[in-house]
Amino acid sequence: MTSAGCGSPPHPRQQTATRSATATASTAATTSSATQTAAPSPPALPAPAGITFGLNVNRLFNDGTYTAAEIGTQLSAVRATGVTLARSDALWELSEPQPPVRGVHTYDWGFDDRIAGDLAAHDLTWLPIIDYAARWTVPPGAGHGPPNSDTDYAAFAAAVARRYGPGGAFWAAHPELTAHPVGTVEIWNEPDNRQFWDGGSDPAAYAAMYIAARDAVAAAVPGTRVLIGGLTDPPATLTGMLRAHPELAGHVDGVAVHPYALPLQMMAKLREDRAVMTALGLGSVPLYVTEFGWVTHPRGALGWVPPDSRAQDIRTALTALGHTDCGISAVIYYTWITPERNPADREDWFGLQPPGGGPGPDKSAFVAGLRAAQAPGPTLHLCGR
């Protein structure tokens, strides 16, 4: 979410997540902080076949205002749209409130277990965003990091993959659930947005953190796909990352992007992203569109579109994203539900689902667009692949 681009919302994740965690049963787990990998970084995973479609569901878990029954009802409605993937934060700041002792990390998995369990119970697979900095890794009063230790961040990323990935401890502890193991993790959210990376974009520092996290995750659960976190300015950020760490070429499993714009502008952004990736040696790396969307209030706000035109934008964008030649592996709309309370706060107006449930034009357009995106159709030749 960028303050300079169309429709990129600053999510209230940090402010609201603590209430949700305190209402969740707390379970502690310990693991060694060692994240050393004797082997070199593994090569990039091949792109998956086809496109997976999903929805961001972060507000259900982060806001701390929904009961368990309400979350269940909403997730049933999410699955009924036809999506299979749900993106939401795995909040390091909640899961590791205290620093490691003599090299041993202790995690409270209550918040994360709730997400994994609720999603699996509704036949949804979790795409966790590994964020934000634990309080003990940043100066007092700091917002969203970056953390002062890539090693500690990487240890948490590996612990998430280990617990919720194939054969993970969470699934062993919950045989009543049909396992939906995590197979992909996203490293941070918008590291090129100063709202989520204190001090502003630092591609070199983020690249070092990505490398540490990817190596740790690959050592813990081989085959897990590790994404560069949703970028607001992929050309500049990727160029800076590869300039600082040219060894990244050949060792990136996917690039997540947030092309907030009207549909035609969105396609232009993706074309530019792919062209820059090809020039940087990342031409075969899949793209993951992990956020896009629009607000309907207040009029004139960043990302605003008239309420009577948003449904068409949703359908048009989804249909196009399902048929480009840009190497897209996932498309995830932002977001499923927002409270629609304050007409002056655009954060309240991104949701597809009406707060009271029931039908709505935007939700109907999403379902229609999803069907069109998944149906056979002519390729939209944007990226020359």
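Trainee: Which residue in S3 is the bridge partner of Gly54?
Mentor: In strand S3, Gly54 finds its bridge partner in Leu85. This is a predicted model, in which local features need pLDDT of at least 70 and side-chain atom pairs count only at pLDDT 80 or more, while totals for chains, interfaces and linings use all residues. Residues are numbered from 1 along each chain as its sequence is written, and side-chain values use heavy atoms, leaving out hydrogens and water.

Trainee: How many bridges join S2 to S3, and in what direction do these strands run?
Mentor: Strands of a sheet pair through backbone hydrogen bonds, either parallel or antiparallel. Here three bridges join S2 (residues 52-56) to S3 (residues 85-91), and the two run parallel; strands are DSSP runs of E with at least two residues, helices runs of H or I with at least four, numbered from the N terminus, and pairing takes at least two DSSP bridges.

Trainee: In what order do the eight strands close into a barrel?
Mentor: The order is S2-S3-S5-S6-S7-S8-S9-S10, with parallel pairing.

Trainee: Is S7 mostly covered or uncovered?
Mentor: Strand S7 (residues 225-231) is mostly covered, since seven of its seven residues are buried, that is, under 20% relative accessible area with a 1.4 Å probe, protein chains only. Four bridges join S6 (residues 184-187) to S7 in parallel, with Glu186 standing opposite Leu227.

Trainee: Through which helix does the chain cross from S6 to S7?
Mentor: The chain passes through H8 in a right-handed β-α-β crossover, meaning that, with the strands pointing away from the viewer, the path from the first strand over the helix to the second runs clockwise.

Note on methods. Buried < 20%, exposed > 50% of the residue type's maximum accessible area, 1.4 Å probe, protein only.
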